Each structure stands twice: as structure tokens, then as C-alpha cells.
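Hello,

Here is the structure I promised to pass on. Please open it first, then read my notes below.

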Amino acid sequence: MKINHFIKLAALFLAALSITSCTQKKFRVSGTITDAKDSLLYFENMGLNGPVTVDSVKLSADGSFSFSAKAPGNPEFYRLRIDRQLINVAIDSTENVEVKASYPTMSYKYDIQGSDDCAKIKELTLKQMNLQTQLNAIAGNPNVPYDQEGALMQDALDKYKTAVKTNYIFKAPMKAYSYFALFQTVVIGGRPINIFDAHSSKADVQVYAAVATSWDTYYPKSERGENLHNIAIAGMRDLRIVQAQQAQTLPASKVSTSGLIDIALPDREGNVRKLTSLKGKVVLLDFHVFASKNSTQRIMWLRDLYNKYHAQGLEIYQVSLDSDEHFWKEQVAALPWICVRDANGSAVAASEYNVQQVPTFFLIDKSNTLQKRDAQIKDINAEIKSML
């Protein structure tokens, strides 16, 4: 009797376990990545705190793989990675996503089936790559004057954002691909920047708010939705940042009585150099990264201006945003103008002047009043002469 009773209890336990397992829905990401024999393929969850490895596999000659995990309750983001080659994947519920690609072109040449979100993310990824190519071409074009480079880059960024807002985000703000679009980046002057930036653009804050509101409705109390909502609210409440719109006006609360935001940073010898101490001179305030691709060309351009006009009263105050102090010191050792470095990780000086890309420069007149930034200047020589 006891044995039979035990058998019945065991059977009931196994049946309950089976039912529980069936209710734990899973999603699957599978496919092939050819030409990658013996490569380690990672399947990573792109959490709010960075990538976390879910699983990995060493690929065989045919490149086949299959990963599965518990289905998330809300849209979640993953990626397939071999070294620096990535394929972004969005998962919503119990999708079966199939990927076909070849290494090492998998980041931009891949086929993905089973998910509309993933297909749209691929479109956005390719568009972002094209934007990066445009920006690189502007920065690397010797026929583009430095005083026009920033304006051309901003125009390319604005056109991209308008297209993405119109064709993706505002059409379906609750979708995973709309969330994905908000966090795309490009590299300008050796620094990654957010294409949509809730901390510097009023228009971009509104885009974040639209997606945040939709996610609050469709995915209430989800971690990603709440984080997105907080970003939007923080942007709205920060009046100084909201007022620093794409017209790139300077926040009035930061401007001194002389009409200038002061900068006080150490030079190569550790001596603090104040921008406002140059009153009486025409100042070219330059934000620069010496590790950037076209640094040498720009320094030659600045040296030419300095040689022409320094004796007449021009001074250059150059703010480096380089992370490597030793490298920066070597680069500026022979430069005749004032060179300082903003060692703060958030680049406070650049933030105060609402610098959205480097290189960027401003012209300051003899009364210590900021007059123009590079995008507003057509003829740098004529502008300097008019202020001397």
C-alpha cells in the first residue's frame, strides 16, 4: 500500500513538473554563420548595464548554431557576436528567429527571418552605417573648409534623425526597433556621440518622450520602459540643457558679465590658464582631439592663422578632449599658443559650450564677448581681421 501510494505521488509530481515546464515559454535564435570555423560565437543580452553572455558555441565547418532562453515578458535586446562583428536581435515573446550570415561581413551582410522588429533593426543598422560613412567622408575631405565641416555634419545628422523619426519612431513608438533607434551612436572626432541626445536637444527630448509614453502604456512597469521614461523626464526638467537647442545658443546663466563662459584648465606645465584673462585680444577658442584622424591638418591650419595674426593681437586658446594625457603633452610640446586639457570624463568645458562634435571653434572679440562659432563663419580670415 505504501509503495503504491509513493508511486502515485511521484507520478503527480512529474506531471506537475511537466506542466510547469510547458508554461515557461522560450524563444530560439538559430541559423548559420559560414567561414567562421572554430570561431567562438557569443549570444549576449544587451542589458541596461551592458552586455551579459547568455550562451556561446564554437562554430563547426557548416557554421550552424542554436540558442534558446526564457521568453521575456517585454521586448528585450540581444546580439550575436564574433570578436567585433555584431548582429543585433530584438525578442518579443516566443519568436523563432533565423539568421544567415558569413564572417567577417556578418555585421552588415546578413539575412534575418521570423521577426519584423529584427528586420527593422537591420534597416536602421545599415542606415546608421551609411550615416557614419557620410560623416567620415566630410571629415576626410581636404576640399571641405574647417569652418564648414561642423555645419555639414550637423546637416547629415539632422536629415538622418528626420527620416528615422518619420519612418520608424513616430509610426510605431511602442516597437522594439523604435527603442533601438534612440540609442544609436556615431563616432565624430574619435568620440562616440548619441544620434538622438536627450541631454542637449529639445527636439530629441520630445522623441524620447513619445517612445517613453508608448512604452509606459504597452509595457507598464517594465525596467526598460521606466528607464526610458526617466531619461525623458530628466531631459524635460533640465532647463539649461533644453534651452541649449540645435541653434546652439549658450545658456544665459553660465555667461559672465563680460558675455563669456569662462574656462580655467591646466596647460602642459600644470599652470591654470583662464580664458577670460585674454581680454584685449581676439581669441580663437578651439575644441580639439589630437588623436583624431585629421588632427595634423587642423593644427597646420591653426598654425597658419596664428602666424598671420598673432603679432596683430590674435591668441588661440585650445581645449583638448584627449583621454591620454601623456600623448597630449607630446603633441602640444611645440605649439606656440595656449593649450589646455579637459581631463574630466564628461568634458565639462565642451558641455558648457554645447559642443556636439569636434573639431569646433569660436571667435571671441577683444571685449571678451563671444561673437560667432565655426558654423556661422564663411571667411575666417575676414572675420579675424574685422575684430583686430
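Does Phe-170 count as buried, partly exposed or exposed, and why? Keep in mind that this is a predicted model. Phe-170 counts as partly exposed, because its relative accessibility is 48%. That value falls between the limits, since buried means under 20% and exposed means over 50%.

Where is Phe-170? Look in the loop between helix 3 (146-169) and helix 4. Leaving aside residues up to four places away in sequence, Phe-170 touches Lys-165, Val-207 and Ala-210. Take Ala-210. In sequence, 40 residues separate Phe-170 and Ala-210. In space, their C-alpha atoms are 7.7 Å apart.

Now the whole chain. There are 388 residues, and 46% of them are buried. The chain has 11 helices and 17 strands. Consider the contacts between residues at least 6 apart in sequence: 61% of these join residues at least 24 apart.

Next, the largest pocket. Its volume is about 850 Å³. The lining has 24 residues. Nearest the centre of the pocket are Met-46, Asn-88, Phe-180, Phe-183 and Gln-184. By type, the lining has 12 nonpolar, 9 polar and 3 charged residues.

Several elements supply at least two lining residues each:

- Among the strands: strand 2 (40-47), strand 5 (76-82) and strand 6 (85-91).
- Among the helices: helix 2 (116-139), helix 4 (176-182) and helix 6 (223-237).

Helix 2 gives the largest share of the lining, with 4 residues.

On to the rings. The structure holds 15 aromatic pairs. One of them joins Trp-215 and Tyr-219. Trp-215 and Tyr-219 are both buried. Ring pairs also tie these two into a cluster with Phe-77, Tyr-179, Phe-183, Tyr-208 and Tyr-218. You have met Phe-183 already, among the residues nearest the centre of the largest pocket.

Lys-120 has its charged end over the ring of Tyr-177, 5.9 Å from the ring centre. Lys-122 lies over the face of Tyr-110, and here the distance to the ring centre is 5.1 Å.

Last, the backbone. Which residues does a cis peptide bond join? Tyr-103 and Pro-104, with omega at about 10 degrees. Pro-104 belongs to the loop between strand 7 (96-102) and strand 8 (110-113).

Two residues have a positive phi without being glycine. One is Asp-38, with phi of about 70 degrees. Asp-38 is in the loop between strand 1 (26-34) and strand 2. Another is Lys-221, with phi near 70 degrees. Lys-221 is found in the loop between helix 5 (202-218) and helix 6.

Is Lys-221 buried or exposed? Lys-221 counts as exposed, because its relative accessibility is 76% and exposed means over 50%.

Best wishes

How values were computed:
Residues numbered from 1 in each chain as written. Predicted model: local features only at pLDDT ≥ 70, side-chain atom pairs only at ≥ 80, totals over all residues. Heavy atoms only, no water. Phe/Tyr/Trp six-rings, centres within 6.5 Å; stacked < 30°, edge-to-face > 60°. Buried < 20%, exposed > 50% of the residue type's maximum accessible area, 1.4 Å probe, protein only. Lys NZ or Arg CZ within 6 Å of the ring centre and 35° of its normal. 1 Å grid on protein atoms, 1.4 Å probe; cavity = no way out; pocket = protein on both sides within 12 Å on 5 of 7 lines; lining within 4 Å. Points joined across faces, edges and corners; volume = space filled by probe spheres on them. Nonpolar A, V, L, I, M, F, W, Y, C, P; charged D, E, K, R; others polar. Contact = heavy atoms within 4.5 Å.
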